[in-house]
Every structure is written in C-alpha cells, then in structure tokens.
Amino acid sequence: MTQHFLLTSAARTLPLASVMRMSDEEAERVFVRLRWADNDGNAYCPHCGCTIVYSCRRPSGAPRWRCKACRKDFSVTSGTLFAFHKLPLRSYLLAIAIFCNEVKGKSMLAMSRDLGVQYKTSFVLAHKMREAMASELRGVNIGGEGRKAEIDGAYFGGYVKPANRIENRRDRRLRMNQSGKRKVVVVIRERDGKTLPGVFASEVAALNFIRTRIARGTTVYADEAGAWNELHGRFTMHRINHQEAYSLEGDIYTNNAESFFSRMRRAEIGHQYERHPGRSGCGAGDAQQAECRFLRILAAELGRVGS
Ligand SMILES: [Zn+2]
C-alpha cells in the first residue's frame, strides 16, 4: 500500500519550527528571495521595473530601496498583498506556515491566538493568502491528450437554522423555506495533476467552466449526476453510479474529487461555521456575494493545498 502523502517528507517542507528559529534578518532575506525570484533574488523597482536600486535602510532598521530611474523608495512588500504591513515579516512567514500546514483549514480565531494579533488582523491576513492562491488558478487548464480528470460537485452554504419550537419549524427541503444562498462547488481534479475548483449556482451552470478548462483529448470520470450527460459529446466519459459501487475495473472512480470535498466539508464544519458576510474587511458586497466569494476562495485554498 502506498504511503499517505501527509506521512511523506514532501509534506514537511515548511516547518513552523524553522520559521521560529529565524532571526529578523533571515526572515527579511527569505522575503527578498521570494519576492524577486524572477531576478535571482535581487531587488528591482516595482514602480518602473528599473534594476538599478540602492539600499536605503531606515534608521529603525527597516529595509528600503531607492530606484535610480524614478527615485521612488520601496520596501520588500511594495506592490504586493502585504504592502503597508504592520506586523514583523517573520509573523507573516509564521502565518503562511501555519495556514498551509493545516490541511483541513485553519480557524482564524486560533491563528489570532497563535500570532498574538486581533481576530480581524488574522482574518484579513488569511483572505490575502487565499486571494494570492486564487489568483494562481486563473487561466489554468487541466488535462490533455491521454490525461485523466475527475469531476464532481457538492453543495455548500445557505444553512437555514431550524426554529426552536417544533411547531415553528418548516420543511427545509422545500425551495420556499431555503435561503437561496446554497451554492455548488464543482471541482476538476486531474489524476497526478492539478486541481481546479469553481463556485456555481448549479451543476448545469458549471458545464461551460468544465468545457473550457479541460483540454480536449482528456478522459473524464464523473458520477451519475444528470448534469454531466451534456459532456459526452466533447470528452470520452466514464460514469460511475455511486448507488451501485464506488469503484469499478478500469480505474473508473471519482475518489480524488470526493476526497477534495471530504476536506472541504471538514473545513466548513470544523472551522468555517461562522460566516461574516459583508464584514470580511476586503471589499465584499452584499451577503450573497460575500458567501459566494468565501466559497470560491475556500475552494481555491483547498485546491492548492491539495492533500
Ligand atoms: Zn523606479
């Protein structure tokens, strides 16, 4: 039997302990190396792109650079999500390590206790990290000739709490008693490849996403849900009826997609049970939009973190 990914050394590449052992200078060097990786770790101007820059460290010791061409000053986080940061750079590395190593999501209340910051600070920080991960998925396509991909959908959000007294309770299966906020997360998982999630009103609404993001020639595996029938014209499809079996000969299963939702469901139940629609502190609009946005970034987060 193959070893579970989380038991392998590949899952331990970002230990919290090594970040804690770093000095402030080392944390700064890590940021510089990552920020300007496309220039061999050498700073260049985020305003005009000029590569001739001078170190212009502040009397407090804070690292700054000055551009020769446009004379503007910049820091290691200028022009990034972490611009105008208030916490020490090491705290951001700690946050990234904690966030990435929690495979079933991380409660931001717990993060605020870990870092010794306010809840609002850790909440906004987590959203920034999620935004960064979501932006990496833009324009990503899955599969290709001879490749295999699994698709599946699962419903999240829009929970309606039952009333206290039994005589006041309503049948929550009826559309009129639902909140209208329930969304379906559809995931495309390539076997031994990338994961690409999206958030939609229904599985049918996700068909276009699937058609455009899975390359032609990919063999697609899906469950018995009727929405996927439309895809037979475009891809070689294998279907599995989960009421009959979870796996059939010839590698016919959607277990990778199912395991994605298993993790996501645990994140929803374990950490994300309290939502803050419209109060996320990062420009979300009305409640429904915020919920959709929340799901999108949660899905992206899990898609990136994978196992
Ligand atoms: Zn410049």
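The structure is a predicted model, in which local features need pLDDT of at least 70 and side-chain atom pairs count only at pLDDT 80 or more, while totals for chains, interfaces and linings use all residues. Residues are numbered from 1 along each chain as its sequence is written.

Begin with the open sheet, whose five strands have the order 6-5-4-7-8 with mixed pairing. Strands here are DSSP runs of E of at least two residues, helices are runs of H or I of at least four, and both are numbered from the N terminus; two strands pair if DSSP finds at least two bridges between them. Strand 6 (195-200) and strand 8 (236-240) are at the edges with a single partner strand each, so one side of each has no neighbour in the sheet. From one strand to the next the twist averages 25°, angles being taken from 0 to 180 degrees between N-to-C directions of lines fitted to C-alpha atoms, for helices over the stretch in contact.

Strand 4 (residues 148-156) and strand 5 (residues 183-190) run antiparallel and are joined by eight bridges. Within this pair, Tyr155 stands opposite Val184. Helix 7 (residues 255-270) packs on the sheet and touches strand 4, strand 5 and strand 6, its direction making about 30° with that of strand 4. Contact means that the C-beta atoms of two residues, placed from the backbone, lie within 7 Å.

Strand 5 is also antiparallel to strand 6, through six bridges, and Val185 has Val199 as its bridge partner there. The two strands form a hairpin with four residues between them, and Asp192 in the turn has a positive phi of about 55°. Five of the six residues of strand 6 are buried, so this strand is largely enclosed by the rest of the structure. A residue is buried if 20 or more other C-beta atoms lie within 10 Å of its own, exposed if 12 or fewer, and partly exposed in between.

The largest nonpolar core has 24 residues, and Ile151, Val185, Ile188, Ile214 and Val220 have the most contacts inside it. Such a core is a set of buried Ala, Val, Leu, Ile, Met, Phe, Trp, Tyr and Cys residues joined through C-beta atoms within 7 Å. At least two of its residues come from each of strand 4, strand 5, strand 6, strand 7 (219-223) and helix 7.

Finally, Tyr253 is in strand 10 (residues 252-253). It counts as partly exposed because it has 18 C-beta neighbours inside 10 Å.
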